[in-house]
Amino acid sequence: MNVNDWVILITALGGIEGIKQLLKWWVSRKTDARKEDASADAMENENERKQIAWLEERIAQRDTKIDGLYAELRQSQSAHLDEVHKRHETELKLKEAEMKRCDVRGCGGRKPPSDY
């Protein structure tokens with residue numbers, strides 16, 4: 001190949017600007033690859049941050065719901081415990097009334113004898 005062939009080939013490929021662009025691409029290919037990787041990493045990190053924020057919000061909602069359920073459970077347990085205390089109190093009064101009951105009519109001679 002002679003010089004004219006080289007000139008024609010260079011002209012066909014875009015001339016001097018084509019060679020400049022080719023050299024620029026060759027020199028900066030690694031830098032561009034790093035920029036692309038950094039951009040992809042930033043997008044992944046942003047996506048993960050959004051997902052974490054969503055999950056934290058979801059957990060907060062569940063915590064609120066669980067707190068409400070526990071409050072309702074405690075209220076129900078308290079009501080049940082109050083009912084149990086009332087029933088036990090009534091049973092104790094009934095037992096006391098049975099002990100004070102007189103088996104003899106007219107209560108002249110109390111049976112069973114007691115200090116009541």
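Leu22, Trp25, Trp26 and Val27 together form a nonpolar patch on the surface, with about 510 Å² of accessible area. Patches are made of residues with over 30% relative accessible area and no salt bridge, nonpolar side chains (Val, Leu, Ile, Met, Phe, Trp, Tyr) being joined within 5 Å and like charges within 9 Å. Accessible areas come from the Shrake-Rupley method with a 1.4 Å probe, and for residues only the protein chains shown count as cover. The model is predicted: local features need pLDDT of at least 70 and side-chain atom pairs count only at pLDDT 80 or more, whereas totals for chains, interfaces and linings use all residues. Residues are numbered from 1 along each chain as its sequence is written, and side-chain values use heavy atoms, with hydrogens and water left out.

A search of the whole structure finds one aromatic pair. This pair is formed by Trp25 and Trp26, with 6.0 Å centre to centre and 55 degrees between the planes, and is tilted. Rings of Phe, Tyr and Trp (its six-membered ring) pair if their centres lie within 6.5 Å; planes under 30 degrees apart count as stacked, over 60 as edge-to-face and the rest as tilted. Trp26 also has Arg29 over its face, at 4.0 Å from the ring centre. For such a contact, NZ of Lys or CZ of Arg is within 6 Å of the ring centre and within 35 degrees of the ring normal.

The structure also holds three salt bridges, each defined by a side-chain nitrogen of Lys or Arg within 4 Å of a carboxyl oxygen of Asp or Glu. In one of them, Glu46 pairs with Arg49, the closest N and O atoms being 3.4 Å apart. Glu46 and Arg49 are three residues apart in helix H2 and are therefore separated by about one helical turn. Glu46 is partly exposed, with a relative accessible area of 35%; buried means under 20%, exposed over 50% and partly exposed in between (1.4 Å probe, protein chains only).

Arg87 forms a salt bridge with Glu83, with 3.2 Å between the closest N and O atoms. Because Arg87 and Glu83 are four residues apart in helix H2, about one helical turn separates them. Arg87 is exposed at 52% relative accessible area, while Glu83 is partly exposed at 35%.

Glu89 forms a salt bridge with Lys93, the closest N and O atoms lying 3.8 Å apart. Both residues, Glu89 and Lys93, belong to helix H2 and are four residues apart, about one turn of the helix. Glu89 is partly exposed, at 47% relative accessibility, and Lys93 is exposed, with a relative accessible area of 53%.

Methods. Helices (H or I, at least four residues) and strands (E, at least two) are DSSP runs, numbered from the N terminus.
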